[in-house]
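Hi everyone, thanks for coming.

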Amino acid sequence: MLPRRLELGLWILLGLHIAWLVLTLRKFDGLLDARGLPLGADFITYWAASHLAQTGYPAAAYDSLQLLAAELLVAPVRMVHTAWYYPPQFLMVTLPLASISYAWSYLAFSLISLALFIFAALTISKGRFAIALIACPAIFLNLASGQNGLLTASLAALALHYLNQKPLLAGSLMGLLCIKPQLLVLFPLLLICTRQWQALLAFSLSSLCFAICATLLLGLEVWPAFLGGLADARHYLETDIPLARMPTVFALVRQAGGSLPLAYASHAMIATLALAAVWQIWSRSQCLQIRGTALVAATLLISPYLFDYDLVWHVLPIAWLYQLGSRHGWLYGERLILCLTWMLLLYIKLILYLLTGKIILIGAVISLALLWLAWRRAAIVN
């Protein structure tokens, strides 16, 4: 259980974050804000891709000009960049969205994502300190932007929670993470490492069935369109992507003025170290909380293409490390790192902006710190 004062403080912060979200939404005049950005910001891409798929042109979602034309059906938006880089599986998931008006679709998507996340948070925390997870600023960033971080974090949380108890269910849930492949990479590797053959079989079947269903529903032509769009995604990463929204080593090096080769090399070095660390941790410890923390931290360090809303995954290590600290006692620096992790996407970012005049997202630094905490815990908890 949380100390009474801490719990009260979290309830107050939850209220403040809800008020911030409401004030953010009240700034909209209809579906647009003063900058011409739509309600839900990124969600308009989901609605537009759904519209194109529903009207018989699913492959057109991977064409930025046709995607923008569909977005303009909602409102005269002024998008700096618009593109659909997701695989056909996620296009299938978003297919129903354009069946209703944009505002109601955004509301339904947000509420379903939030409900799934709250269920996952209650499950992994066993309800004892769920308020610490639900009040996290990262959740409200996802709701404000209309993004998918709550969905992917929920799938990861439930998959890892059920891995030892119900491996077939866990593997099936991991397969659903195909909607965002860069967050999936480590899951099958670690199932092989730990010889979780039932979960691996379920993961393989789930992934395969997901891909087959998407192909049958959307047509074969979506796959060449998706693969062709990956080159555009790389060009976007290397040219005009908003680095201030990217919690990666790649982005930090680029923001510091580093060259593109240096950014890639630095990211590759840290990603390799993270992969080696998480492999070693999973080999040494059977503890779910330690394994989960290591996997999440390493996952967020592997891909150079990552955005701030993906950091809602940090909520999972907060839950698991709090359980370990409450049960076995706290190690030096653990509570401080957990507090910084919780505060990252609002308070830490604001403090850094006030100090430097720039928006700097140190998500990669926090992920490294969480991986270090998992490494330390693995040495004392089997």
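Let's start with helix α9, residues 167-176, where the buried residues are Pro167, Ala170, Gly171, Leu173, Met174 and Gly175. Buried here means under 20% relative accessible area, exposed means over 50%, and partly exposed is in between, with a 1.4 Å probe and protein chains only. Helices are DSSP runs of H or I with at least four residues, numbered from the N terminus. What do the buried residues of α9 pack against? They pack against α8, α10 and α11, where contact means heavy atoms within 4.5 Å.

A quick word on the model: it is predicted, so local features need pLDDT of at least 70 and side-chain atom pairs count only at pLDDT 80 or more, while totals for chains, interfaces and linings use all residues. Residues are numbered from 1 along each chain as its sequence is written, and side-chain values use heavy atoms, with hydrogens and water left out.

Next, the core. The largest nonpolar core has 144 residues. By nonpolar core I mean a set of buried Ala, Val, Leu, Ile, Met, Phe, Trp, Tyr and Cys residues joined through side-chain atoms within 4.5 Å. Which residues have the most contacts inside it? They are Trp84, Phe187, Val312 and Trp313. Let me stay with Phe187 for a moment: leaving aside residues up to four places away in sequence, Phe187 touches Ala156, Leu160, Met174, Leu177, Leu295, Thr299 and Trp313.

Now for helix pairs. Two packed helices are described by the angle between their axes and the distance between the axes. The axes are lines fitted to C-alpha atoms, for helices over the stretch in contact, and the angles run from 0 to 180 degrees between N-to-C directions.

Take α10, residues 186-193, together with α11, residues 197-218: their axes are 8 Å apart, at an angle of about 150 degrees. The two helices are therefore roughly antiparallel to each other. For the angle classes, under 35 degrees is roughly parallel, over 145 roughly antiparallel, 65 to 115 roughly perpendicular, and the rest oblique. The crossing of α10 past α11 is left-handed, that is, the near helix is turned anticlockwise from the far one by less than a right angle, with clockwise being right-handed. On the α10 side you have Pro188, Leu191 and Ile192, meeting Trp197, Ala199, Leu200 and Phe203 of α11. By class, that contact has seven nonpolar, no polar and no charged residues. In this scheme Ala, Val, Leu, Ile, Met, Phe, Trp, Tyr, Cys and Pro are nonpolar, Asp, Glu, Lys and Arg are charged, and the others, Gly among them, are polar.

In the loop between α10 and α11 sits Arg195. Arg195 has a positive phi of about 55 degrees although it is not a glycine. Is Arg195 buried or exposed? At 64% relative accessibility, it counts as exposed.

Back to α10, which also packs with α15, residues 288-302, at an angle of about 135 degrees and with the axes 11 Å apart. That makes the pair oblique. Here the crossing is right-handed. Leu186, Phe187 and Leu190 of α10 make the contact with Leu295, Ala298, Thr299 and Ile302 of α15. The classes come out as six nonpolar, one polar and no charged residues.

My last pair is α16, residues 315-328, and α17, residues 334-356, whose axes come within 10 Å and cross at roughly 155 degrees. That makes α16 roughly antiparallel to α17. α16 passes α17 in a left-handed crossing. Pro317, Ile318, Leu321 and Tyr322 in α16 meet Glu334, Leu338, Thr341 and Trp342 in α17. These residues divide into six nonpolar, one polar and one charged.

Also in α16 is Gln323, which counts as buried at 12% relative accessibility. Setting aside residues up to four places away in sequence, Gln323 touches Ile124, Ser125, Phe129 and Gln289.

I'll finish with Ala157 in helix α8, residues 149-161. Ala157 counts as buried, at 0% relative accessibility. Again not counting residues up to four places away in sequence, Ala157 touches Ala120, Ile124 and Leu316. Thanks, and I'm happy to take questions.
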